[in-house]
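Visitor: I would like to go through this model with someone who can walk me around it. Please show it first.

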Amino acid sequence: MTAHAVTAPALLASAATQHRGLTVALFTVFVLVTLGITVWAGRQTRDATDFYAGGRSFTGFQNGLAISGDYMSAASFLGIAGAIALFGYDGFLYSVGFLVAWLVALLLVAEPLRNSGRYTMADVLAFRMRQRPVRTAAGISTIVVSVFYLLAQMVGAGSLVALLLGVTGDAPKQWTIVAVGALMVLYVTVGGMKGTTWVQIVKAVLLIAGTLLLTVLVLAKYHFNPSALLGAASEASGKGSAFLEPGLKYGATGTTKLDFLSLALALVLGTAGLPHILVRFYTVPTARAARTSVLWAIGIIGGFYLMTLALGFGAAALVGPDAIKASNPAGNTAAPLLAQELGGGAGSTGGAVLLAVISAVAFATILAVVAGLTLASSASFAHDLWANVVRRGRAGEKEEVGVARIAAVVIGAVAILLAIFADKLNAAALVALAFAVAASANLPTLLYSLFWKRFTTAGAVCSVYGGLAVSVLLVVFSPVVSGRPTSLVPGADFAWFPLENPGLVSIPAGFLLGWLGTLLSKETADPAKYAELEVRSLTGLGAH
Amino acid sequence: MDTTPQPDAPPPGDPGTFARIEEGEEFRGLRRSFRGFAFPLTAAFVAWYLLYVLLSGYAPGLMGATVAGHVNVALVMGLLQFATTFAIAWLYARHAARRLDPAAAALRGHAAGGTAAVPAPAASPSAAPQEGAAE
């Protein structure tokens, strides 16, 4: 229904492109199926545990798929394949950080979080602290990280529809953003965590199937000899062997190298601090199942990033950088163009079909990610800020879930408006900022809470607000916002911080501020509460 | 300041129970086994990843050296990051299944058994352990 609303203007704009009708049809099927699942899940959602945590009824494998579906955004599917196609090896550097990051979640975070928390990240951060200050800080940080990430996805969705459906002008972009926003709010308010999880599972299966198909087709062209594929890619790139070495994107100057180091730190430490990822660990019954879900996620996500290598180098070799850049200078259409080429080229039926399939998968990818983000931020608003801070624990379960649904609608509406009126925002910079805040504000506080006995409320408040403020301020005074023609405010120049990614400074700052706040505060940590958190987080005693 | 009931407050068991468990040798063994495995391994993979990132930025000559055909050191190093990630995940899963899970289950069992055999004086001493055991 909603899909028609988006695509009707697009179809009217120019009905010539062969694949468009098929893309729209496939995507409509996806939307109808997921809405069906959502309504079914909504009927099964009775209490707060159902709404926030899907009744903790998912298996480790199901949750592993859902985590992958939550994590593999359009940025990683289209963005990384495109970056590899245009910059060769440097595109691959992203994937490595995105994968290695999961070890932090596996070794340090997933199981203790599942054992000691209930619905949100703040449950664990505030466990041994004074509730109101820490929950307020953690709730704000959760919402800020999720909204940055959400905006990136929605701005990206707007440009994507223009690219994949070959339409121009602002109207189709804006209709896409409205439709994506309306669908994600529906998934969350009606289906809660159960509905959202199934949407992510369906999307993960589709994305993996689509990527696997393209990978096999690419490798088959080179007789399953990866070295031949690499050779063809470097030759077609026009850059020779430099295409297969690091440096084309980040190696230009000392500043770009530092910028990459900064991004790499944020990627590897940010994942385990992303609230929409953390809440996924509550959807399984035990810590052991949380561990199994991360193991599956590592396998699925690792396999996916390995396949993006084939996609990126395949696009470079078979489509060629000139054709990719002509379609989109950032390379975001490399994977769809590769699909068209593998299906038989532009104008062929096979090409049209494969292009339509991959485009529909890309749309599905965006929907699943934004639903997860909306759920995490509205849950934190209702559970942390409303129930525990405003109502001081006097709100009933019904009221809390009601507030979460309203919050989802409000956050959805705000995200739609921001995404439409701020479409100049750079999606990649927004994602990098979300990771930097997660690594600078959330991860230090989470690790100190779990493993440092002396950590206090003042320390927690300092690391959350400090990490958050330092990362956001550094971006405000970076070339992302001013000083360059591509900046958000191109006319002004108040950029004194040279790096686009704040992590190199903000992550150590977050850890340092949490430590300083603890040392300088007069209060001492409550040893009994720490004993309780430690015993519960390691044994699962008293787990929800 | 927060005297009102918290929906997320831990089950109102005897606060001394957790402290007693935490001081026990059994729990200390579990903690040593977890930290002794997870902390050094975390330091190792973060260092290994940073080495890879630094080499990519500052040692182009080494990373560009050919290994075989069109495969260079950079690609091998990147794929090794994948391999070590999979290997560390597998190692941790094995360690957890062999050492951590049985110890955690035993502690949960003792906590449940302990409160059943010796009723604690607190108001609702069995809430937490029973939930844990029901898992």
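Visitor: What percentage of the residues of chain B count as buried?

Guide: This is a predicted model, so the values are computed from it. A residue counts as buried if 20 or more other C-beta atoms lie within 10 Å of its own. Chain B has 135 residues, and the share of them that counts as buried is 28%.

Visitor: In what order do the elements of chain B run from the N terminus on?

Guide: Chain B holds five helices and two strands. Starting at the N terminus, the order of its elements is α-α-α-β-β-α-α.

Visitor: Which helix gives the most to the side of chain A that touches chain B?

Guide: In the contact between the chains, 55 residues of chain A meet 57 residues of chain B. Several helices of chain A each supply at least two residues of that side, among them α6 (89–116), α8 (131–165) and α16 (349–390). With eleven residues, the one that gives the most is α6(A).

Visitor: How many residues of the side of chain A that touches chain B are nonpolar, polar and charged?

Guide: The residues on the side of chain A that touches chain B can be sorted by class.

Visitor: Is α6(A) parallel or oblique to α11(A)?

Guide: Two packed helices are described by the angle between their axes and the distance between the axes. Here the axes of α6(A) and α11(A) come within 6 Å and cross at roughly 40°. Angles under 35 degrees would count as roughly parallel, so α6(A) is instead oblique to α11(A).

Visitor: How many residues of the contact of α6(A) with α11(A) are nonpolar, and how many charged?

Guide: On the α6(A) side the contact includes A:Phe98, A:Val100 and A:Val104, and on the α11(A) side it includes A:Leu267 and A:Val268. Two residues of this contact are polar.

Visitor: Is A:Phe224 buried or exposed?

Guide: A:Phe224 sits in the loop between α9 (170–221) and α10 of chain A. Its phi is near 55°, a positive value in a residue other than glycine. Because A:Phe224 has 11 other C-beta atoms within 10 Å, and 12 or fewer is the limit for this class, A:Phe224 is exposed.

Conventions: Residues are numbered from 1 along each chain as its sequence is written. Chains are lettered from A and ligands numbered from 1 in the order in which they are written. This is a predicted model: local features need pLDDT of at least 70, side-chain atom pairs count only at pLDDT 80 or more; totals for chains, interfaces and linings use all residues. Two residues are in contact if their C-beta atoms, placed from the backbone, lie within 7 Å. Helices (H or I, at least four residues) and strands (E, at least two) are DSSP runs, numbered from the N terminus. Ala, Val, Leu, Ile, Met, Phe, Trp, Tyr, Cys and Pro count as nonpolar, Asp, Glu, Lys and Arg as charged, and the others, Gly among them, as polar. Axes are lines fitted to C-alpha atoms, for helices over the stretch in contact, and angles run from 0 to 180 degrees between N-to-C directions. Angles under 35 degrees count as roughly parallel, over 145 as roughly antiparallel, 65 to 115 as roughly perpendicular and the rest as oblique.
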